[in-house]
Amino acid sequence: MRIGVRKVGKSRGSYYSALKRITRVANSAISLRRICNAIAKSTAKAMQANGCRILSLNSQKEYLITVGTHGLSDLYLKKGPLAAHKSLPDILEGKAVFIADAATDERVQHPQMALAQGISSILGVPVLGKGHAIGEIRIYTREPRQFSEADKSFLFSVANICAVVFERAELHQLLEQDYKPSEKRRKSPQVPPVRTTLRPTTFAHPSEEDFAKLLDFYCIEWLYEPRSFPLRWKGGRIAEMFTPDFYLPELDLYIELTTLKQNLLTEKNRKRRRLKELYPEVNIKLLNKNDFLKLLAKYGYGPLGTAKVEGIDRVLYSHAQIQRRVRTLARRISRDYAGQRLMLVGVLKGVVCFMADLMQQLSLPVTLDFMAISYYGGEDQVVKITRDVDSSITGQHVMMVEDIVDTGMTLNYILGHLSAHNPASLRVCTLLDKRARRLIDVPLDYVGFEIPDEFVVGYGLDYKGEYRNLPFIGILHPELIKGNAPR
Ligand code: IMP
């Protein structure tokens, strides 16, 4: 609950001394990251804000990479790469953006994280280079805050200094690329600069794409082949290079996948050793084929992922895809019910995974209840509620949460039962909608995925009590279902 909005006045004098400090650090000889961290710190302090983040736009204008921060936790920074077109796109169009309440403003890409971090207000301005956005600077406050014209004008000045810092770093990088190493330099080479082409549209090998998806799933920022390390020189020219597949900036770690041919492993190990000799400060890990496949299998990806789960024909939605969709649904629900309490009701047992993930993503006060019913094929002759909700739903806003709606008969029966208790409102959120088999036209307000007419298992859904624990949704091998009822 937010109470009131604070106005923080800042004298011209203190902004002036902050700008003096910032220009001094911008013109110092330390690395780009250290310069940006120092600028972020001075800016946050001068504006009496709790955090500051400086972001650089990659050359294809797809992603924003953090290049300097102050006052934000690792958790917030690791919340995943910021897609340029989604994350406050107005800033990149040259405008200042003000967010009064980050938890409810739909322009915020990760509102849950902002909430967990205690962030209320955000002010962001573009870093402009030759008239185009090349990055951003954002200020975060814990208390709700209104920013004055003086605050905005100060932040725009800092952004201009950042633009000069970025462009100088780029120029430095270009000069380094032209540079041919001298005899002395060859003995102790410099770590080559990071390229700014970070997210390719195509990867050299499908396993790299799978690995990138996995990193995205864990919200770990990554760059693809950002650096080439010279390993050997001949007559002043580079004779051998090594370009690791991935760099994880937050962990300062390079990863090389050795999934193509095992006989390349020895060669790659030799290169890794040479790299460690020449550049001892560089952290690099090789991931061999088996470890990599096992890692993917855990999440339902790759050949082992399906082969290991007997009876699964193919993966329909990976864990990462499900999580992304659940987040989107939760955001819509939080927006639609803003300022209200919501009671979530689920029918056991298929809904457990979806319910657990959905409720954690809702930024609303929620209560939870479960029902259970007897199914066709069991001992009962007619459908029966074997467990009713514990609490009264009269006058409450109720959301019926379903794993899957197939013929619609179960949901129709339950909605009839619940609406007889006069809730203030009654809506339905289902993860899966098997619309092709619908017999009763039940209203669905929030749908995760519309799926084909196949029997699916995993992520809570079962076949004869099994498969509920799979972290992905897979299609059951049709031969396994020999005319049996779903449950
Ligand atoms: P209905 O046909 O809409 O009444 O579906 C009722 C229930 O059948 C759902 O809540 C699921 O538990 C189950 N069900 C329907 N289709 C599937 C499926 O593809 N996989 C697993 N369970 C299913």
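Modeller: Helices here are DSSP runs of H or I with at least four residues, strands are runs of E with at least two, and both are numbered from the N terminus. This is a predicted model, where local features need pLDDT of at least 70, side-chain atom pairs count only at pLDDT 80 or more, and totals for chains, interfaces and linings use all residues. Residues are numbered from 1 along each chain as its sequence is written, and side-chain values use heavy atoms, leaving out hydrogens and water.

Colleague: Thanks! Which peptide bond is cis?

Modeller: First the general idea: most peptide bonds are trans, and most residues other than glycine have a negative phi. In this model, the bond from leucine 348 to lysine 349 is cis, with omega near 0°. Lysine 349 sits in the loop between β16 (342-347) and α13 (352-361).

Colleague: And where is asparagine 422 found, and is it buried or exposed?

Modeller: Buried means under 20% relative accessible area, exposed over 50%, and partly exposed in between, using a 1.4 Å probe and protein chains only. Asparagine 422 is in the loop between α14 (409-419) and β20 (425-433). It counts as exposed because its relative accessibility is 53%. Its phi is positive, near 50°, although the residue is not glycine.

Colleague: What about tyrosine 459: buried or exposed?

Modeller: Tyrosine 459 has a relative accessible area of 4%, so it is buried. Its phi is also positive, about 50°, and it is not a glycine. You will find tyrosine 459 in the loop between β22 (456-457) and β23 (473-476).

Colleague: How do I read the surroundings of threonine 141, and which residues is it in contact with?

Modeller: Contact means heavy atoms within 4.5 Å. Leaving aside neighbours within four places in sequence, threonine 141 is in contact with Ala49, Asn50, Gly118, Ile119, Ser120, Ser121 and Phe147. Threonine 141 belongs to strand β7 (residues 132-141) and is buried, at 3% relative accessible area. A polar atom of its side chain lies 2.8 Å from the backbone oxygen of glutamate 143.

Colleague: How many residues does the largest nonpolar core have?

Modeller: A nonpolar core is a set of buried Ala, Val, Leu, Ile, Met, Phe, Trp, Tyr and Cys residues joined through side-chain atoms within 4.5 Å. The largest one has 31 residues, and Ile39, Met47, Ile54, Ile137, Ile139 and Phe154 have the most contacts inside it. Elements giving two or more residues to this core include α1 (12-26), α2 (32-46), β7 and α6 (149-178). Its largest share, 9 residues, comes from α6. Apart from this core lies another, of 30 residues, including Leu316, Leu431, Phe449 and Leu461.

Methods
Polar contact = N/O pair within 3.5 Å; in protein donor to acceptor, adjacent residues only side chain to side chain.
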